[in-house]
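Subject: Structure for your review

Dear colleague,

Please find below the structure that I am handing over to you, with its sequence. My notes on what was found in it follow directly after.

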Amino acid sequence: IVLHIKTTLISRMATADEADDAGDDHITILGFGSLLSEKSSRTTFPTLKNFRLGRVLDHRRTFAHPASIFFQRNIANLETLEISSLSVEYKEGCSMVCSVFEVPNEGLSSADAPGDTFIP
């Protein structure tokens, strides 16, 4: 089953009707880092529904930028240069596994997100 989201194709390991069943009061989240774990996803989004795995086509994971939260929480290690955070970039022919789930659309926007969180 393949969904079109913008120009990205997502093949899912679930039925096509699941996202539609969530209704307008929910939005679909794709997780590619720590949100691949259902436990971690539920820590961030306790009311999530319908956790499953999917695949994003023509994209890949990459460690591309330092995350300020790593320094704030003393996770970064400047001695070994362990400071990079996971990103996703377009790469034709590549694909990656992601988590897919719905959360209540309660004012989620990039304006409300912390600096280390990206919500388009």
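Arg42 counts as partly exposed, because its relative accessibility is 34%. This residue forms a salt bridge with Glu38, in which the closest N and O atoms are 3.0 Å apart. Both residues belong to helix H2, where they are 4 residues apart, about one turn of the helix. Glu38 is likewise partly exposed, at 35% relative accessibility.

The average pLDDT of the protein chain is 76, and 69% of the residues score at least 70. Two stretches call for caution. Over residues 1–20 the pLDDT stays under 50, and the model has 39 contacts beyond four places in sequence for them. Residues 110–120 also have a pLDDT below 50, and this stretch has 7 contacts in the model beyond near neighbours in sequence. Where pLDDT is low, the predicted coordinates should not be read in detail.

Salt bridges

The structure holds 3 salt bridges, one of which is the Arg42 and Glu38 pair described above. Another joins Arg52 to Glu102, with 3.0 Å between the closest N and O atoms. Because Arg52 lies in strand E4 and Glu102 in strand E5, this pair ties together parts that are 50 residues apart in sequence. Arg52 and Glu102 are both buried.

Glu89 and Arg60 also meet through their side chains in a salt bridge, at 2.7 Å from N to O. Here too distant parts of the chain are linked, since Glu89 is in strand E5 and Arg60 in strand E4, 29 residues apart. Glu89 is partly exposed, with a relative accessibility of 29%, and Arg60 is partly exposed at 34%.

Aromatic residues

There are 2 aromatic pairs in the structure. In one of them, the ring centres of Phe45 and Phe101 are 5.7 Å apart and the planes meet at 55°, so the pair is tilted. Phe45 sits in the loop between helix H2 (38–44) and E4, while Phe101 is in strand E5, 56 residues apart. Both Phe45 and Phe101 are buried.

Phe51 and Phe101 make a stacked pair, with 5.9 Å from centre to centre and 20° between the planes. Phe51 is in strand E4 and Phe101 in strand E5, so this pair connects parts that are 50 residues apart in sequence. Phe51 is buried, as is Phe101. Together, Phe45, Phe51 and Phe101 form one aromatic cluster.

Ser99

Ser99 is found in strand E5 (residues 84–104). With a relative accessibility of 0%, Ser99 counts as buried. A polar atom of its side chain lies 2.8 Å from the backbone oxygen of Leu35. Beyond its neighbours within four places in sequence, Ser99 is in contact with residues including Ile29, Leu30, Gly31, Leu36 and Ser41. Phe51, Arg52 and Leu53 are also among the contacts of Ser99.

Which residues have a positive phi although they are not glycines? Asn50 has a positive phi of about 60°, and Asp58 has a positive phi of about 60° as well. Asn50 lies in strand E4 (residues 49–66), and Asp58 is found in strand E4 too. Asn50 is partly exposed at 30% relative accessibility, and Asp58 is partly exposed with a relative accessible area of 26%.

With kind regards

Key: Residues numbered from 1 in each chain as written. Predicted model: local features only at pLDDT ≥ 70, side-chain atom pairs only at ≥ 80, totals over all residues. Heavy atoms only, no water. pLDDT = per-residue confidence, 0-100. Contact = heavy atoms within 4.5 Å. Helix = DSSP H or I, 4+ residues; strand = E, 2+ residues; numbered from the N terminus. Buried < 20%, exposed > 50% of the residue type's maximum accessible area, 1.4 Å probe, protein only. Polar contact = N/O pair within 3.5 Å; in protein donor to acceptor, adjacent residues only side chain to side chain. Phe/Tyr/Trp six-rings, centres within 6.5 Å; stacked < 30°, edge-to-face > 60°. Salt bridge = Lys/Arg side-chain N within 4 Å of Asp/Glu carboxyl O.
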